[in-house]
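Dear colleague,

Please find below the sequence and structure that I am handing over to you. My notes on what was found follow directly after it.

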Amino acid sequence: FQVDSAERNNCLHHTPSCATHREKNIVVHSYAASAIEKIMIIKLPNFAALSPAEVAPCFELVLANLFSSFSVEGSAENEYLMKLLMRSVSLMKEQLPPPLVENLIAALTGKLSEICKNPSKPHFNHYVFETFSCLIRGTCTGKPDKIAGFEAVLFPAFQDILQKDVTEFIPYVFQVLSLMLELQNRPIPGQYMALFPFLLSPQLWERPGSIPPLLGSSTYVVEEDPE
């Protein structure tokens, strides 16, 4: 399969217009989101991957239209839209403007609150948590002082998930917590230790999907604070 530079440029030329068009038809905006997401991950010897500089000019408008599409009836938990959001954030990495990061955290936390009531779309749910992880990596890698902003927003939501025993989300919660712990350059903050009793619940360890993130979190806590 060969893609020459002219075809690549043609692809890039049409991507912004596709991404920034407000489309209320679920099928159309789902296909558009899927197509853009695929363009972002093309890996061919003669097809240079999209760079943050190429995406930046239309990035904020893309996000605005993505969240506008979420408001279309039937698309509140559209996995194609959320996957594109995840991929876009992953591509931009540390080049995301701080005010935009704050808006994204708030919007995603609102989404998380909604899906906690009825976690019926596993792929959508997965991309929500992956987007959180991408935001944290992009914002906090090498800048551990930025983690506090995520902790302030995410801890209340995570505590609610653990207290209500939202089984589907518990592995994701500890996966994100492990990531934030990994990026710390200070002693483990008290709010993490307050969640440690949840790690000792036998019921959690009975769920195979929970074991890897539980091991990651508990190992980090024990290594950093043996007492």
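Among contacts in the chain (heavy atoms within 4.5 Å) between residues at least 6 apart in sequence, 73% join residues at least 24 apart. The model is a predicted one, in which local features need pLDDT of at least 70 and side-chain atom pairs count only at pLDDT 80 or more, while totals for chains, interfaces and linings use all residues. Residues are numbered from 1 along each chain as its sequence is written, and side-chain values use heavy atoms, with hydrogens and water left out.

The chain holds 11 helices and 0 strands; helices (H or I, at least four residues) and strands (E, at least two) are DSSP runs, numbered from the N terminus. Of its 227 residues, 45% count as buried, meaning under 20% relative accessible area with a 1.4 Å probe, protein chains only.

In soluble globular proteins, nonpolar side chains tend to be buried together. The largest nonpolar core here has 63 residues, of which L112, I161 and M180 touch the most other members. Such a core is a set of buried Ala, Val, Leu, Ile, Met, Phe, Trp, Tyr and Cys residues joined through side-chain atoms within 4.5 Å. Leaving aside neighbours within four places in sequence, I161 is in contact with L112, C116, F129, V166, F169, I170 and V173.

Not counting residues up to four places away in sequence, E151 touches P156, M180, Q184, R186, P189, Q191 and Y192.

The largest pocket has a volume of about 270 Å³. Of the 13 residues that line this pocket, P98, V101, T139, K146 and F150 are the closest to its centre. A pocket is an open set of points on a 1 Å grid over the protein atoms alone, where a 1.4 Å probe fits, with protein on both sides within 12 Å along at least five of seven lines; lining residues have an atom within 4 Å of a point. The volume is the space filled by probe spheres set on the points, which are joined across faces, edges and corners. Helices α5 (98-116), α6 (122-140) and α7 (147-163) each supply at least two residues of the lining, and α5 gives the most, with 4 residues.

Yours sincerely,
A colleague

How values were computed:
Buried < 20%, exposed > 50% of the residue type's maximum accessible area, 1.4 Å probe, protein only.
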